[in-house]
Every structure is written in structure tokens, then in C-alpha cells.
Amino acid sequence: MPADPTQLKKDREFGLPGIAFCAARVPATERFYFGSSDAKVYAIDLADEKPQAVPLAEDGHTSYVTGAALSGNTLLTGGYDKQLLWWNVESNEIVRREPAHELWIRKIIASPDGRAFVSIADDMRAKVWSAGDGQLVRTLEDHQPLTPHHYPSMLYAVAWSPDGRYLATGDKVGHVAVWDASSFEKVGEVEAPLMYTWDPKQRRHSIGGIRSLAFSHDSKLLAVGGIGTIGNIDHLDGPHRIEVFDWQAKERKLEISNNELKGLVECLAFAPDGTWLAAAGGDHGGFVAFYKVENGESIKAEKAPMHVYEFTFSDDGETLYTIGHGKLATWKLSPA
């Protein structure tokens, strides 16, 4: 039975230690690895009778774990300690440590073929690593270290196209660079400046930025997620915002601004057939939302029981797994 987002309904909910900033699911299972605000990496299997989060090792990261990606038996994690850790998931042991970035690591993804990982960090660099031997393959640099108001910027978002041809990276001020994943040459860029809010009156501070990116399955469209203009910079009091681009033509095809479900769009995914776009994130609470790619019309939107930092679909597409602030929740996208 194909996934049907009109049938979206929360199914199960599990408590987690701390804030889960990132997660990686083992294909064809309900086993997850996730990184937490308590500096630990955990495993949890929802197929167990009573699922429990189990830490992998006590000598891992020393700060927030904000990136996790899986390739075969190798799990790669990264965090605010600027380190990348390679784990053997059969033994749950750390097999390699790498002082990979100069500033906080924000996210890690694996290539569709599992041969490479990409890490991004606030040193404004994206680094490509061999999944096989852990060697650095290439460093990608295009994002400015300072915002237009001369404060440090951040590199929050990265995505690999499903066909493996392209990479995209997105930063705090709304700049997106697109890279050829074979030559690592920059082949495009788009701008989403409304996702960056600067408030010079209350204090010298900015907020927002691009928090998620996703390519359509034919690589023609690039979705960019974040938050719209924020009225109070001390809170995420702004509409969740999505812009969809024909990135090669530098043409904005859609602008979606949802004031009913406020906060950051932390994750995005296109339907395999390109008909809808899934989004999740939050402010103090969370949301899951689906939109028509044709015109941006809302298909279904629900409040989540927590701020969502990461999601993934089951292999058949009928279950959505969301993970975030203290919880993991599953959602059904087809009739019971």
C-alpha cells in the first residue's frame, strides 16, 4: 500500500535521554543510533518488546552529539567537540577518532551509495570522507565566515541528491551552494535571505538560517527549510518556512510560510514520485507537515510531541520516524 500523507497519524512514542539532535536508522529494521545532548551515542531498537536507549561507550564525545550517519557496519558521529568518531556497530566500539573541524560540527550525512560521508561545521567547511578508510577526500569552501553584520556565521545544512550526483550546503544567512559530487566543483547557488533575521534594536544578535535541504529524486528541485522573519529574537516566534527552487535556473518555484506551526524546519524530504514534500521541526513544541509540490498547498499538518531534529521514512514509506527533544515518535501514513 503506497504512503498516503493525508492519513498521517501519530502511532507510538518513546522517551529518550536528553535531546536527540541526530539519528541514523539501520535499513530494513527499526534499530536507530542517535546522538544526544548528554554527549553520548545511543542505540535503540523499536522492535524490542520494551525498547530502551543503550549508550555505546563512555569515552566517546565530550559535548553535544549533533551528527550521525551510517554506512554498512560503520557509524560516523560528530559534535560540538569538533571530533568525528568512527564506530563499528557490530562491536559498538570506536575504531577511529579525527579532530575534523575547527568549530562545532553541525551535521553528517552519508552518500546514497554508502561510499562517503560529509560533515559540515561552523568553520564554514564541508568535508568529504571515505567511508572505507576514513580518509579526507575533499574540503568544500564557499560560505562566508561572517554575517553581513560582522558576526560569526554557521553552516547548518547539507544534503546529497538521491541519485548521488550533487551535494548542497546551506548557511545562516540564507546562502546555498550546490556541488558536483564527482568533481567537487561548485555548479550552482541559490539564496533564501528571508530565513535570516537581524535585530539591531533589542541587542546585537541574529537568528534563523537554513536548517534543512532536500533534492527531489530527479535532482531538478532543491527544497530549503528554515524560519521566516522573527518578531522576538529571544524565541523562535516566526513561521516555519520552505522555499523550493529549480536550482539550475535559479528560479524560486514555491514559497511556503506557515504561521500556525511556528519554528525551524529542521528536516525535509520529497516523495519518491515528487508529488509532496515532508517537513518537520519546531520551536518549544514540534510539528510534522506535508505539502503539495505542485502549488505548496497543505496536505496534512500535525503537532509533534517534541521539537523534531531528524526524521526518516521506513523502507516502504508507510512509517515516519521523528526524533528530537527527549522523544522518538512514529507516524503512520496509510490506513490502519
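**Figure 1. The second largest pocket of the predicted model.** The second largest pocket is lined by 26 residues, and R106, R211, L264, E266 and Y309 lie nearest its centre. Two or more lining residues come from each of β1, β9, β18 (205-208) and β23. Strand β18 makes the largest contribution to the lining of this pocket, with four residues. The volume of the second largest pocket is about 770 Å³. Its lining comprises eleven nonpolar, eight polar and seven charged residues. A pocket is an open set of points on a 1 Å grid over the protein atoms alone, where a 1.4 Å probe fits, with protein on both sides within 12 Å along at least five of seven lines; lining residues have an atom within 4 Å of a point. Grid points are joined across faces, edges and corners, and a volume is the space filled by probe spheres set on the points. Ala, Val, Leu, Ile, Met, Phe, Trp, Tyr, Cys and Pro count as nonpolar, Asp, Glu, Lys and Arg as charged, and the others, Gly among them, as polar. This is a predicted model, in which local features need pLDDT of at least 70 and side-chain atom pairs count only at pLDDT 80 or more, whereas totals for chains, interfaces and linings use all residues. Residues are numbered from 1 along each chain as its sequence is written, and side-chain values use heavy atoms, with hydrogens and water left out.

**Figure 2. The largest pocket.** The largest pocket holds about 1500 Å³ of space. Of its 49 lining residues, A110, A269, F311, T312 and F313 are the closest to the centre. The elements that supply two or more residues to this lining include β9 (105-110), β23 (264-270), β27 (308-313) and β28 (319-332). Strand β23 gives the most, with five residues. The lining divides into 32 nonpolar, ten polar and seven charged residues.

Figure 3. Seven of the seven residues of β23 are buried, buried meaning under 20% relative accessible area (1.4 Å probe, protein chains only). Strand β23 pairs with β24 (residues 276-282) in the antiparallel sense over six bridges; strands are DSSP runs of E of at least two residues, numbered from the N terminus, and two strands pair if DSSP finds at least two bridges between them. C267 has A280 of β24 as its bridge partner. Five residues lie between the strands of this hairpin, in which G274 takes a positive phi near 80°.

**Figure 4. Strands β17 and β18.** Strand β17 (residues 196-199) is covered on both faces, with Y196 and W198 buried on one side and T197 and D199 buried on the other. In a regular strand, side chains alternate between the two faces of the sheet. Strands β17 and β18 run antiparallel and are joined by four bridges. W198 stands opposite S206 in β18.

**Figure 5. The open sheet that contains β9.** Four strands form an open sheet in the order β9-β10-β11-β12, with antiparallel pairing. Strands β9 and β12 (136-141) stand at the edges with a single partner strand each, so one side of each has no neighbour in the sheet. Within the sheet, β10 (residues 116-121) and β11 (residues 125-130) pair over five bridges. S119 has K127 of β11 as its bridge partner.

**Figure 6. The surroundings of Q83.** Q83 belongs to strand β7 (residues 83-88). Q83 is buried, with a relative accessible area of 19%. Not counting residues up to four places away in sequence, Q83 touches H61, T77, G78, R97, E98, A100 and I105, contact meaning heavy atoms within 4.5 Å.

How values were computed
Buried < 20%, exposed > 50% of the residue type's maximum accessible area, 1.4 Å probe, protein only.
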